[in-house]
Amino acid sequence: MHTLLDLDAHDYDPALPSIERTAVRGVIFREGQLLMIQSSFGEVKFPGGGQEAGESDLDTLLREVLEETGYHVKPDSVQPLGQVVEKRLSRHEPMIWHQINRYYFCHITGRQEATHFTENEQKYGMQQVWVTLEEAIAINREMMQREGRRAWNQRELRVLELLRDSLNH
(Lines give C-alpha, C1' and ligand atoms only; values in the text may rest on other atoms or scores of the structure.)
Protein backbone atom coordinates (compact mmCIF):
# COMPACT_ATOMS: atom_id res chain seq x y z
CA MET A 1 0.00 0.00 0.00
CA HIS A 2 1.42 3.39 -0.90
CA THR A 3 2.00 6.08 1.73
CA LEU A 4 -0.27 9.13 1.50
CA LEU A 5 1.38 11.01 4.36
CA ASP A 6 4.35 10.62 6.67
CA LEU A 7 3.55 12.55 9.85
CA ASP A 8 6.73 12.44 11.94
CA ALA A 9 6.74 15.02 14.74
CA HIS A 10 10.47 14.49 15.45
CA ASP A 11 9.68 15.32 19.11
CA TYR A 12 11.25 12.20 20.62
CA ASP A 13 14.61 10.65 21.37
CA PRO A 14 15.13 7.94 18.73
CA ALA A 15 16.70 5.73 21.44
CA LEU A 16 13.32 5.43 23.20
CA PRO A 17 11.35 2.20 22.83
CA SER A 18 8.38 2.23 20.41
CA ILE A 19 4.71 1.45 20.77
CA GLU A 20 3.69 0.10 17.38
CA ARG A 21 0.08 -0.04 16.26
CA THR A 22 -1.79 -0.56 13.01
CA ALA A 23 -5.24 0.93 12.48
CA VAL A 24 -7.61 0.32 9.57
CA ARG A 25 -10.18 2.94 8.53
CA GLY A 26 -13.08 3.01 6.09
CA VAL A 27 -13.79 5.77 3.57
CA ILE A 28 -17.51 5.38 2.95
CA PHE A 29 -19.45 7.66 0.59
CA ARG A 30 -23.20 7.48 0.07
CA GLU A 31 -25.25 10.00 -1.88
CA GLY A 32 -22.50 12.64 -1.72
CA GLN A 33 -21.87 12.28 1.99
CA LEU A 34 -19.18 10.60 4.08
CA LEU A 35 -19.91 8.32 7.02
CA MET A 36 -17.79 9.67 9.87
CA ILE A 37 -17.53 9.30 13.64
CA GLN A 38 -17.88 12.49 15.69
CA SER A 39 -16.81 13.00 19.30
CA SER A 40 -18.34 15.28 21.91
CA PHE A 41 -15.36 17.60 21.25
CA GLY A 42 -16.68 18.09 17.73
CA GLU A 43 -14.04 16.63 15.43
CA VAL A 44 -14.85 13.89 12.93
CA LYS A 45 -12.82 10.80 12.07
CA PHE A 46 -13.10 7.95 9.65
CA PRO A 47 -14.67 4.83 11.18
CA GLY A 48 -12.06 2.29 12.11
CA GLY A 49 -9.51 1.40 14.71
CA GLY A 50 -6.78 -0.84 15.96
CA GLN A 51 -5.92 -4.14 14.38
CA GLU A 52 -6.01 -7.10 16.74
CA ALA A 53 -3.41 -9.89 16.73
CA GLY A 54 -3.86 -12.20 13.76
CA GLU A 55 -6.38 -9.98 11.98
CA SER A 56 -6.07 -9.05 8.32
CA ASP A 57 -6.82 -5.50 7.20
CA LEU A 58 -10.14 -6.74 5.80
CA ASP A 59 -11.08 -8.43 9.10
CA THR A 60 -10.24 -5.25 11.02
CA LEU A 61 -12.18 -3.05 8.61
CA LEU A 62 -15.28 -5.27 8.76
CA ARG A 63 -15.19 -5.44 12.57
CA GLU A 64 -14.41 -1.78 13.26
CA VAL A 65 -16.95 -0.32 10.81
CA LEU A 66 -19.66 -2.60 12.22
CA GLU A 67 -18.77 -1.71 15.83
CA GLU A 68 -18.68 2.04 15.22
CA THR A 69 -21.47 2.48 12.67
CA GLY A 70 -23.69 -0.60 12.83
CA TYR A 71 -23.21 -1.13 9.09
CA HIS A 72 -21.70 -4.18 7.39
CA VAL A 73 -18.98 -3.49 4.83
CA LYS A 74 -19.44 -5.28 1.51
CA PRO A 75 -16.12 -7.19 1.34
CA ASP A 76 -15.98 -7.20 -2.47
CA SER A 77 -16.19 -3.38 -2.52
CA VAL A 78 -12.99 -2.77 -0.51
CA GLN A 79 -10.28 -0.84 -2.42
CA PRO A 80 -7.08 0.62 -0.90
CA LEU A 81 -6.69 4.40 -0.69
CA GLY A 82 -3.30 4.48 1.05
CA GLN A 83 -1.67 4.71 4.45
CA VAL A 84 -0.60 7.43 6.85
CA VAL A 85 2.45 6.77 9.01
CA GLU A 86 2.57 8.62 12.34
CA LYS A 87 5.50 8.93 14.72
CA ARG A 88 5.60 11.13 17.81
CA LEU A 89 6.35 11.10 21.51
CA SER A 90 3.61 9.27 23.38
CA ARG A 91 1.45 11.53 25.56
CA HIS A 92 1.36 8.97 28.38
CA GLU A 93 4.85 7.49 28.72
CA PRO A 94 8.39 8.11 27.49
CA MET A 95 7.99 6.03 24.34
CA ILE A 96 7.67 6.64 20.60
CA TRP A 97 4.09 6.27 19.34
CA HIS A 98 4.39 4.70 15.88
CA GLN A 99 1.06 4.08 14.16
CA ILE A 100 0.30 3.00 10.62
CA ASN A 101 -3.22 3.98 9.51
CA ARG A 102 -4.51 2.13 6.46
CA TYR A 103 -7.46 3.69 4.63
CA TYR A 104 -9.81 1.76 2.36
CA PHE A 105 -12.70 2.87 0.16
CA CYS A 106 -15.68 0.61 0.76
CA HIS A 107 -19.45 0.31 0.47
CA ILE A 108 -21.86 -0.70 3.19
CA THR A 109 -25.12 -2.63 3.25
CA GLY A 110 -28.31 -0.62 3.66
CA ARG A 111 -29.40 -2.29 6.90
CA GLN A 112 -28.00 -0.81 10.11
CA GLU A 113 -27.54 -2.66 13.40
CA ALA A 114 -26.68 -1.35 16.87
CA THR A 115 -23.24 0.21 17.40
CA HIS A 116 -20.78 -1.15 19.96
CA PHE A 117 -18.42 1.59 21.04
CA THR A 118 -15.65 0.84 23.52
CA GLU A 119 -15.86 2.35 27.00
CA ASN A 120 -13.35 5.02 25.97
CA GLU A 121 -15.29 5.84 22.80
CA GLN A 122 -18.48 6.14 24.86
CA LYS A 123 -16.67 8.44 27.29
CA TYR A 124 -15.91 10.79 24.40
CA GLY A 125 -19.47 10.70 23.09
CA MET A 126 -18.63 9.03 19.78
CA GLN A 127 -21.49 8.80 17.32
CA GLN A 128 -21.85 8.36 13.60
CA VAL A 129 -22.68 11.30 11.35
CA TRP A 130 -23.19 11.74 7.63
CA VAL A 131 -21.44 14.89 6.34
CA THR A 132 -20.19 16.18 3.02
CA LEU A 133 -16.47 16.15 2.41
CA GLU A 134 -16.37 19.95 2.70
CA GLU A 135 -18.33 19.85 5.99
CA ALA A 136 -15.88 17.30 7.42
CA ILE A 137 -12.92 19.48 6.42
CA ALA A 138 -14.54 22.59 7.95
CA ILE A 139 -15.38 20.74 11.20
CA ASN A 140 -11.81 19.51 11.65
CA ARG A 141 -10.23 22.84 10.67
CA GLU A 142 -12.38 24.61 13.27
CA MET A 143 -11.47 21.99 15.87
CA MET A 144 -7.75 22.50 15.22
CA GLN A 145 -8.12 26.27 15.56
CA ARG A 146 -10.07 25.90 18.81
CA GLU A 147 -8.24 22.98 20.46
CA GLY A 148 -4.81 22.93 18.81
CA ARG A 149 -3.05 20.41 16.63
CA ARG A 150 -3.97 17.07 18.12
CA ALA A 151 -2.26 14.35 16.12
CA TRP A 152 -5.41 12.44 15.17
CA ASN A 153 -7.23 15.61 14.14
CA GLN A 154 -4.30 16.69 11.98
CA ARG A 155 -4.15 13.22 10.39
CA GLU A 156 -7.85 13.08 9.56
CA LEU A 157 -7.93 16.66 8.24
CA ARG A 158 -4.97 16.00 5.97
CA VAL A 159 -6.56 12.79 4.61
CA LEU A 160 -9.85 14.62 4.01
CA GLU A 161 -8.00 17.38 2.11
CA LEU A 162 -6.07 14.81 0.03
CA LEU A 163 -9.33 13.05 -0.75
CA ARG A 164 -10.96 16.32 -1.84
CA ASP A 165 -7.98 17.25 -4.00
CA SER A 166 -7.89 13.82 -5.69
CA LEU A 167 -11.63 13.89 -6.39
CA ASN A 168 -11.39 17.40 -7.88
CA HIS A 169 -8.77 16.35 -10.48
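In the predicted model, Q79 stands opposite F105 of strand β9. Strands, like helices, are DSSP runs numbered from the N terminus, with at least two residues (E) for a strand and at least four (H or I) for a helix. Residues are numbered from 1 along each chain as its sequence is written, and side-chain values use heavy atoms, leaving out hydrogens and water. Because the model is predicted, local features need pLDDT of at least 70 and side-chain atom pairs count only at pLDDT 80 or more, while totals for chains, interfaces and linings use all residues.

Strands β8 (residues 79–89) and β9 (residues 96–105) run antiparallel and are joined by 10 bridges; two strands count as paired if DSSP finds at least two bridges between them. Both belong to an open sheet of five strands with mixed pairing, in the order β1-β8-β9-β2-β6. At its edges are β1 (3–8) and β6 (48–50), each of which pairs on one side only. From one strand to the next, the twist averages 15°. Helix α1 (residues 57–69) packs on this sheet and touches β2 (18–27), β6 and β9, contact being heavy atoms within 4.5 Å. The direction of α1 makes about 120° with that of β6. Such angles run from 0 to 180 degrees between N-to-C directions, with axes fitted as lines to C-alpha atoms, for helices over the stretch in contact.

Strand β4 has several partners. Two bridges join β4 to the antiparallel strand β3 (residues 29–30), and R30 is the bridge partner of Q33 in β4. The hairpin of β3 and β4 has two residues between the strands, and E31 takes a positive phi near 50° there. With β5, which also runs antiparallel to β4, there are two bridges; Q38 has V44 in β5 as its bridge partner. This second hairpin has five residues between its strands, and G42 in the turn has a positive phi of about 120°. Five bridges join β4 to β11, again antiparallel, and M36 is partnered by V129 in β11. Five of the six residues of β4 are buried, so the strand is largely enclosed by the rest of the structure. Buried means under 20% relative accessible area, exposed means over 50%, and partly exposed lies in between (1.4 Å probe, protein chains only).

A nonpolar core is a set of buried Ala, Val, Leu, Ile, Met, Phe, Trp, Tyr and Cys residues joined through side-chain atoms within 4.5 Å. The largest has 20 residues, and V27, L34, M36, F46, Y103, V159 and L160 are those with the most contacts inside it. Two or more residues each come from β1, β4, β8, β11, α3 (133–147) and α4 (151–167). Residues touched by F46 include V27, L34, M36, Y103, V159 and L160. Another core, of 11 residues, lies apart from the largest one and includes Y71, V78, Y104 and I108.

The structure holds three aromatic pairs, defined by rings of Phe, Tyr and Trp (its six-membered ring) with centres within 6.5 Å; planes under 30 degrees apart count as stacked, over 60 as edge-to-face and the rest as tilted. One of them is the tilted pair of F41 and Y124, at 5.6 Å centre to centre with 35° between the planes. These two residues lie 83 residues apart, in the loops between β4 (33–38) and β5 (44–45) and between α2 (119–123) and β11 (127–131). F41 is partly exposed at 34% relative accessibility, as is Y124 at 30%. In another pair, the ring centres of Y71 and W130 are 6.4 Å apart and the planes are at 75°, so the arrangement is edge-to-face. Y71 lies in strand β7 (residues 71–73) and W130 in β11, so this pair ties together parts that are 59 residues apart in sequence. Y71 is buried, at 6% relative accessibility.

Definitions and conventions
Lists of a residue's contacts leave out its neighbours within four places in sequence.
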